Amino acid sequence: MPIEVDEAKRLDEIAAATIQVTRDRGVRSVTIRAVAEQLGGSTAMVTNYVSSRAALMINALRRAGADWTRELERSIEGTEGEQKLRAAIRWMCTTEQDDEVVRRLMMEIASAGPGAEVEDMRRSTARSDHRGLVELIAEAGLPDAELSGDILHLILRGYWLATLEDAEGWPAERGERAILAVVDKLRGSAG
C-alpha cells in the first residue's frame, strides 16, 4: 500500500529545500538531485511533484510570494492612505531572512529561458506586484496612479537588483530614502 503524502506539505518541503540549497551552495547549484539530497531522499521524491529545475524555482518562489504577502499585510496593518503606501515601501526595501536568496532565485528564473510555466510565473508575479502598487498609490491619493505605479514598480525592481549586486552599498535605509523621495516628488506633481 502506498504511503499517503500531503501534496501541499511536500511542495512546501521541496520549496524549503530549494531555498536551503540556494543559501548553502548558490543559485546555480539548484538541481533536482541537490534538492533531493537536501531532503534526504531520491530524485523521485522530488520529481513526483516538480518536473524540472525551473519548476523547483517556481515552487520556491510561489511559497516565498505567499510568505511575502502575509508579511506585507502585517506591515501595513492599521495604516491608511499615504502612510500605508510608505509602510509598504519600507517593507519592500527590507532584506530579512531569505529575501536575498529568493531575489537570486527570481533573477535565475528570469534567465531560465522560454517555457510556458516560467513565462507565466514571471508575467503574473510582475503584474500582480504592479497592481498592488497601483492600488496603494490610488488609495494614497497620488496623481495618475497608473503612471506612478509604473515608476515605483520599475524603481523597486531596480533596487532589488542593486541589493544583489552590492548589498553593503544598498542598505534598506538608503533604498527607502530614495524611493520615498520619489513618492514625495510624485505627490508634489499634483499641485
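Author: Two residues are said to be in contact when heavy atoms of theirs lie within 4.5 Å. Counted in this way in what is a predicted model, residues 24 or more positions apart account for 62% of the contacts in the chain that have a separation of 6 or more. The chain holds nine helices and zero strands, and its C-alpha atoms fill a box of roughly 70 × 35 × 30 Å when this is taken along the principal axes. Of the 191 residues, 37% are buried, while the accessible surface comes to about 10800 Å², with 50% of it belonging to carbon and sulfur atoms.

Now to the part you asked about, which is formed by helix α8, covering residues 145–165, and helix α9, covering residues 172–188. These two helices pack at an angle of about 165 degrees, and their axes are 11 Å apart. Because angles over 145 degrees count as roughly antiparallel, α8 is described as roughly antiparallel to α9. The crossing in which α8 passes α9 is right-handed.

If you follow the contact residue by residue, you will find that α8 brings S148, I151, L152, I155, L156 and Y159 to it, whereas α9 brings A172, G175, I179, V182, V183 and L186. Sorted by class, the contact of α8 with α9 has 10 nonpolar residues and two polar ones, and no charged residues.

For a comparison elsewhere in the chain, you might turn to helix α2, residues 32–39, in which I32, A34, V35 and A36 are buried.

Once residues up to four places away in sequence are left out of the count, E108 touches V27, R28, R53 and M57.

Methods
Residues numbered from 1 in each chain as written. Predicted model: local features only at pLDDT ≥ 70, side-chain atom pairs only at ≥ 80, totals over all residues. Heavy atoms only, no water. Axes fitted to C-alpha atoms, helices over the stretch in contact; angles between N-to-C directions. Helix = DSSP H or I, 4+ residues; strand = E, 2+ residues; numbered from the N terminus. Parallel < 35°, antiparallel > 145°, perpendicular 65-115°, else oblique. Left-handed = near helix turned anticlockwise from the far one by under 90°. Nonpolar A, V, L, I, M, F, W, Y, C, P; charged D, E, K, R; others polar. Buried < 20%, exposed > 50% of the residue type's maximum accessible area, 1.4 Å probe, protein only. Areas by Shrake-Rupley, 256 points an atom, 1.4 Å probe, with all protein chains shown as cover.
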